[in-house]
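Student: I would like to learn how to read the contact between two protein chains, going step by step from overall arrangement to individual residues.

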Number of protein chains: 2
Amino acid sequence: MKKSSHQRADQTRSRILEAAIREFSEHGLAGARTVAIAQAARVNKALLYYYFRDKEALYAAALEEVAGKVAESTLAVLDMTCSPGERMLRFALQHFDRILAQQGFQSLMQQEMIRFREGRNNALRILAKKAFEPMFRRAQTIAEEGIRSGELCDVDWMQMIYAALGANVFYFLSAPMVRMMGNGDPLELAAVSARRRTALEFLGQSIFADRRHGAVLARRVLAAVPMPDSLSPEKKTA
Amino acid sequence: MKKSSHQRADQTRSRILEAAIREFSEHGLAGARTVAIAQAARVNKALLYYYFRDKEALYAAALEEVAGKVAESTLAVLDMTCSPGERMLRFALQHFDRILAQQGFQSLMQQEMIRFREGRNNALRILAKKAFEPMFRRAQTIAEEGIRSGELCDVDWMQMIYAALGANVFYFLSAPMVRMMGNGDPLELAAVSARRRTALEFLGQSIFADRRHGAVLARRVLAAVPMPDSLSPEKKTA
DNA sequence: CTTCATTAATTGACCGGTTAGTTAAAAGTG
DNA sequence: CACTTTTAACTAACCGGTCAATTAATGAAG
C-alpha cells in the first residue's frame, strides 16, 4: 500500500481481480468458484484471502474495478467539446463499443442489477456512486442543453438515454437468442459492424429535431470513431 | 396424466413451479436453493424430485412455463387487425406491461441469456423455439409491411424491434440503480405510468415516417390500453 | 356402505460430495 | 527484516439428491 517497492504484489492483486471479473461475470456470485479464480490468476487459493476478506469482498472489489473503468472512459466522451447532439451520439456509440469490447463487464453489471431485487445489502451502491451517478448527471445536462438549444427533440431527457443505451444493451443481451433462431450470428464481425452503424443512424433519426441534421451528424461520428478491432476480446481458455 | 382425477397433484406441481420461478429468477440457477423452493411451495424437499428429475430439470420446466405464457400473450397482440404501425406500438406497450407485471419472468430470461455465454448445453433452446422465434418472425413481417406501405421509417426492421423493446428492458433493468441515485423510485406507480406514456410517445416519434401520424397513433393506443393496476405483483413474503 | 388392497402423493431423516474459508509452516524476494 | 507466495492438509457448513416409511386417494369386492 505505502511503498511502491513491491510492485509484484500489486501485479498479482490485479491479476486476481482480472480473473475474478471473468469468473464472476460468467457464473455469477453464487456460481463462481474460488479455486477457478485462483487457477486463472495462476495463484494459490489461500492468496485470495490474503488480499480479500472473503468471496463477497472480492466480488465487490471486482465490481468497483469495473465501475472505475467504465466511468472514466464514459465521462471522457461526455465532456468533449462539441454540440450536445453530437456528444449524445458519441455517448451512445462509445456505450456500444464498450459492451462489445468488454462483455464481461456488462454481464457483471447486469447480474448485479438482477441480484439487487433480493433486497440484500449488496455492492450495487458502489456502482451507483462511482460510475452511474456522475454519468447520468452529466448526460442529463447535455440532453437538456440540446433540447433548450433546439437541436434535440423536446422529449423527456431520460427517454433519450433509455433509447440510446437500451437498444445497445438489448442487442447484446438478446444475441444468443437471436443466434439460436438461425438468422445468422449477431456477434459476427460483419453483423456487429452493421448493427453499430444502423443503431447510430437510427438514433440520429429519432432524437434530433431536424432528422437531416441528425443523419449528417451520425455519419460524421461514425467516420470519426472506428470500431474497436478486438472482436471477442475475452480469451477462450477452455 | 390420463385422468383428471388427481387434481391435488397437478395443483402442488404448479405450486412448486411457481415457487421455482420466483427462486430461480431471484437467485439464478446456481444461487437458488432447493429447500427454499420447497418451503415456498409449502412442500417437502423430496417432493421436488418426485415431480422433476433434478434441479436443472426443474429449472428447464420453469423456463418453459414462462416461455409459454409470454409467447401466448405476445402473439395475440401481434395478430391484431390494425395497421402495422399500430401493431408495433401495441407490441411495445404490451412488452412494457408484461415486464411490469411479471418481473420475475423477465429476470429469468435475462439470466438465462447471460448464462448462455458459459457455453453450457442449457435450456435457452426452449425459450428460443417456443417463444422468441415465432414472436420475432411475426414482428419482422409486420415491420417490413409497415415500411413497404410507407407508414414506418425505412430503417432496418431489426432496429425497430431493438428500439421498441430495448428501452423497456433497460428501464426496468436500470431501475434499482436509478433509485439508488436518489432521483426518486422509478418503480413507483407514478413514475412507471409516466415512463410508459413517454416511451410509447417517443416510439411514435421515432419509427414512423410521419411523426404527427405516429404521435396520434401513440395517443390512441395509450388510451385504448390501460396500464395493469397490479403494481409490484410479486408478493413480498419477507 | 364398509373393507381392504393397490396406487399415488408426501414426508423426515440421512448421505456423500462440494466448497468457502482456515491454519501453520516454510520458502522466496526486494 | 518485512512482505509476498506456496503448500497441503483440514473443518465446518452447506446442499443436492436418495430412500424407506407414512399418509391419502382410488376402486373393487363383499
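Tutor: We will go through the interface in this predicted model.

Student: How are chain A and chain B related by rotation?

Tutor: A rotation of 180° with 0.1 Å of shift along its axis places chain A on chain B with an RMSD of 0.2 Å. The two copies are thus related as by a two-fold rotation axis. Of the interface residues of chain A, 100% are also interface residues in chain B, so the copies meet through the same surface.

Student: What area is buried between chain A and chain B?

Tutor: Interface size is often expressed as the accessible area lost when the parts come together. Here about 5400 Å² is buried between the two chains, and carbon and sulfur atoms give 71% of that area. On the side of chain A, Tyr162(A), Met180(A) and Phe202(A) lose the most area to chain B, together 14% of what that side buries.

Student: How many salt bridges and polar contacts are counted between chain A and chain B?

Tutor: There are two salt bridges between the chains, and eight residue pairs are in polar contact across the interface, counting pairs with both residues at pLDDT 80 or more. Asp156(A) forms a salt bridge with Arg195(B), where the closest N and O atoms are 2.6 Å apart.

Student: Which element of chain A supplies the largest share of the side that touches chain B?

Tutor: That share, 18 residues, comes from α8(A). By class, the side of chain A that touches chain B has 31 nonpolar, 13 polar and 11 charged residues.

How values were computed:
Residues numbered from 1 in each chain as written. Chains lettered and ligands numbered in written order. Predicted model: local features only at pLDDT ≥ 70, side-chain atom pairs only at ≥ 80, totals over all residues. Heavy atoms only, no water. Least-squares fit on C-alpha atoms with pLDDT ≥ 70 in both. Contact = heavy atoms within 4.5 Å. Buried area = accessible area lost by both parts, 1.4 Å probe. Salt bridge = Lys/Arg side-chain N within 4 Å of Asp/Glu carboxyl O. Polar contact = N/O pair within 3.5 Å; in protein donor to acceptor, adjacent residues only side chain to side chain. Helix = DSSP H or I, 4+ residues; strand = E, 2+ residues; numbered from the N terminus. Nonpolar A, V, L, I, M, F, W, Y, C, P; charged D, E, K, R; others polar.
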